[in-house]
Amino acid sequence: MLIGYAFILPGNLRKEFDTIELTDTHFNPWYFTIKGKIQSGEYILKHFQEIGLNLTAKSIPMSLRDVLYNAKPQSVGNLSLLKDGRSCGGGGKAYYMQKSTVRYSEIITTSNLLQAWQEFLRGKRHRNDVAVFQAKLMDNILALHTELVEKTYVHGGYAGFNISDPKPRNIHKARVRDRLLHHVIYNALYPYFDSTFVYDSYSCRVSKGTHRAIDRFKKFGRIVSKNNTRTCWVLKCDIRKFFANIDHRVLKEIISNHFEDADVVWLLGQVIDSFNTGGKPGVGLPLGNLTSQLLVNVYMNEFDQFVKRELGCTYYVRYADDFVFLSDEKNTLESLIPTLSDFLELRLRLSLHPDKLFIKTLGSGVDFLGWVHFPNYRVLRTTTKRRMLKGLRKRNTTEALASYKGMLSHGNGYKLKNLIDAQLHYGNPTPPPK
């Protein structure tokens with residue numbers, strides 16, 4: 001299977017279409033067929049997946065994004081469809097995605113279930129629901145294994161509760177047996193999925209995280225500004241109600257393109273369809289599932305690949321639903337916004353948050369991942385600082401103080417560090433800095 005963007009056939013295989021006819025066009029799931037008359041006869045490309053088809057009276061400008069089709073890899077480079085001398089599509093490059101060969105039978109073994117149980121048990125040993133499951137551990141694991149083998153497994157419901165960290169969030173907790181299966185799935189599939197992600201995706205990945213994301217942002221700022229000798233513009237975006245708006249059909253379609261074994265797709269489908277955002281069937285992933293962390297990265301990898309490969313955006317960093325673009329030209333970033341919005345809405349059924357989208361210079365300070373970034377330093381966001389000081393008043397332990405001090409080591413917080421040092425050594429902190 002080859003996946004790519006804006007293809008151009010190389011060498012003697014390059015063809016120019018003098019006519020383009022679209023058949024079986026529909027936007028769900030956006031599959032259509034392109035037929036073009038060429039010099040050597042009729043050349044047919046089937047099963048393109050179109051994002052943002054725009055038909056006009058005199059021409060057919062198209063943005064071919066997330067193109068999927070079966071072809072011989074050695075004969076395909078890029079494909080540009082030409083109409084009246086105009087190029088239809090971007091200038092990205094094709095890339096190859098090797099489907100995962102992991103088998104369903106390899107995932108659901110009793111040894112994997114037992115190993116996942118040991119991992120799941122950490123920090124939860126004394127919880128009532130965990131203790132009840134462990135009281136008949138082997139019976140429960142064998143029963144779960146039998147259901148998986150016979151494919152009679154049905155994911156259970158969720159217990160919901162609210163937290164404020166810092167804004168209110170609805171957390172949904174699955175049953176113990178289902179959470180155990182989540183660990184099994186995560187352990188089996190994370191290595192493959194992680195290998196398909198772009199380098200600059202930083203959430204819920206081994207050797208990534210917020211600290212490396214903000215370091216990458218700092219590095220990009222220096223490159224774009226030529227070591228602070230030019231103005232660096234930053235486009236900051238956020239997705240509205242990210243987890244609550246994940247479309248199940250689109251997610252399962254994406255997953256089906258990754259696996260040769262249909263039973264693996266079935267298993268992931270059981271987890272995906274186990275939850276719906278209130279009043280919106282077929283939409284939403286629960287905050288609380290281990291698998292949700294992986295699945296949202298799989299979902300947004302479509303966007304990452306579009307940004308990197310079709311749009312060619314080098315200076316791009318994403319952490320979950322927060323992402324930034326850096327450029328030395330403001331107009332370039334302004335022109336990106338409608339393109340990004342169209343892709344998110346038409347391909348992923350997501351939308352940009354209008355109140356959290358802005359373009360600013362790095363010199364004026366850019367709020368990203370809890371820090372306000374400047375060319376030569378970064379400081380804690382005011383709300384983060386207030387939350388930290390509130391936490392110190394509630395939990396004034398050596399471990400908590402050391403943790404906050406470690407967080408501050410990733411930025412410029414001299415006064416806050418002095419405050420924490422005073423608390424550590426004297427237990428009588430000075431008034432918080434203004």
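## Salt bridges across the chain

A salt bridge here is a side-chain nitrogen of Lys or Arg within 4 Å of a carboxyl oxygen of Asp or Glu. By that rule, the structure holds 18 salt bridges. Before we look at some of them, please note that this is a predicted model, in which local features need pLDDT of at least 70 and side-chain atom pairs count only at pLDDT 80 or more, while totals for chains, interfaces and linings use all residues. Residues are numbered from 1 along each chain as its sequence is written, and side-chain values use heavy atoms, with hydrogens and water left out.

Let's start with Lys-236 and Asp-322, whose side chains meet in a salt bridge at 3.8 Å, N to O. This pair links distant parts of the chain, with Lys-236 in strand β11 (residues 233-238) and Asp-322 in strand β13, 86 residues apart. Helices (H or I, at least four residues) and strands (E, at least two) are DSSP runs, numbered from the N terminus. Lys-236 is buried, with a relative accessible area of 8%, and Asp-322 also counts as buried, at 17%. For these labels, buried means under 20% relative accessible area, exposed means over 50%, and partly exposed lies in between (1.4 Å probe, protein chains only).

## Charges around helix α7

Glu-253 forms a salt bridge with Arg-249, and their closest N and O atoms are 3.1 Å apart. The two residues are four apart in helix α7, so about one helical turn separates them. Glu-253 counts as buried at 11% relative accessibility, whereas Arg-249 is partly exposed at 30%.

Lys-252 forms a salt bridge with Asp-273, with the closest N and O atoms 2.8 Å apart. Lys-252 lies in helix α7 and Asp-273 in the loop between α8 and α9, so this pair ties together parts that are 21 residues apart in sequence. Both ends are partly exposed: Lys-252 at 27% relative accessibility and Asp-273 at 39%. Salt bridges that share partners also join Arg-249, Glu-253, Glu-302 and Arg-347 into one network.

Two strands pair if DSSP finds at least two bridges between them.

β12 and β13 (residues 322-327) pair in the antiparallel sense over four bridges. Within this part of the sheet, Arg-318 has Phe-323 in β13 as its bridge partner. Axes are lines fitted to C-alpha atoms, for helices over the stretch in contact, and angles run from 0 to 180 degrees between N-to-C directions; contact means heavy atoms within 4.5 Å.

## Aromatic pairs

Rings of Phe, Tyr and Trp (its six-membered ring) pair if their centres lie within 6.5 Å; planes under 30 degrees apart count as stacked, over 60 as edge-to-face and the rest as tilted. The count comes to 20 aromatic pairs. One of them is the edge-to-face pair of Phe-193 and Phe-259, at 5.5 Å centre to centre and 85° between the planes. Phe-193 sits in helix α5 (residues 176-196) and Phe-259 in the loop between α7 (248-256) and α8 (262-272), 66 residues apart. Phe-193 is buried at 1% relative accessibility, and Phe-259 is buried at 3%.

The rings of Phe-220 and Tyr-315 have their centres 5.2 Å apart and their planes at 75°, so this pair is edge-to-face. Phe-220 lies in helix α6 (residues 210-224) and Tyr-315 in the loop between α9 and β12, so the pair ties together parts that are 95 residues apart in sequence. Phe-220 is buried at 3% relative accessible area, while Tyr-315 is partly exposed at 28%. Elsewhere, ring pairs link Phe-303, Phe-306, Tyr-316, Phe-323, Phe-325 and Phe-343 into a cluster.

## Thr-210 in helix α6

Helix α6 also holds Thr-210, which is partly exposed, with a relative accessible area of 32%. Leaving aside residues up to four places away in sequence, Thr-210 touches Tyr-319 and Leu-369. The C-alpha atoms of Thr-210 and Phe-368 are separated by 9.7 Å, although the two residues are 158 residues apart along the chain.
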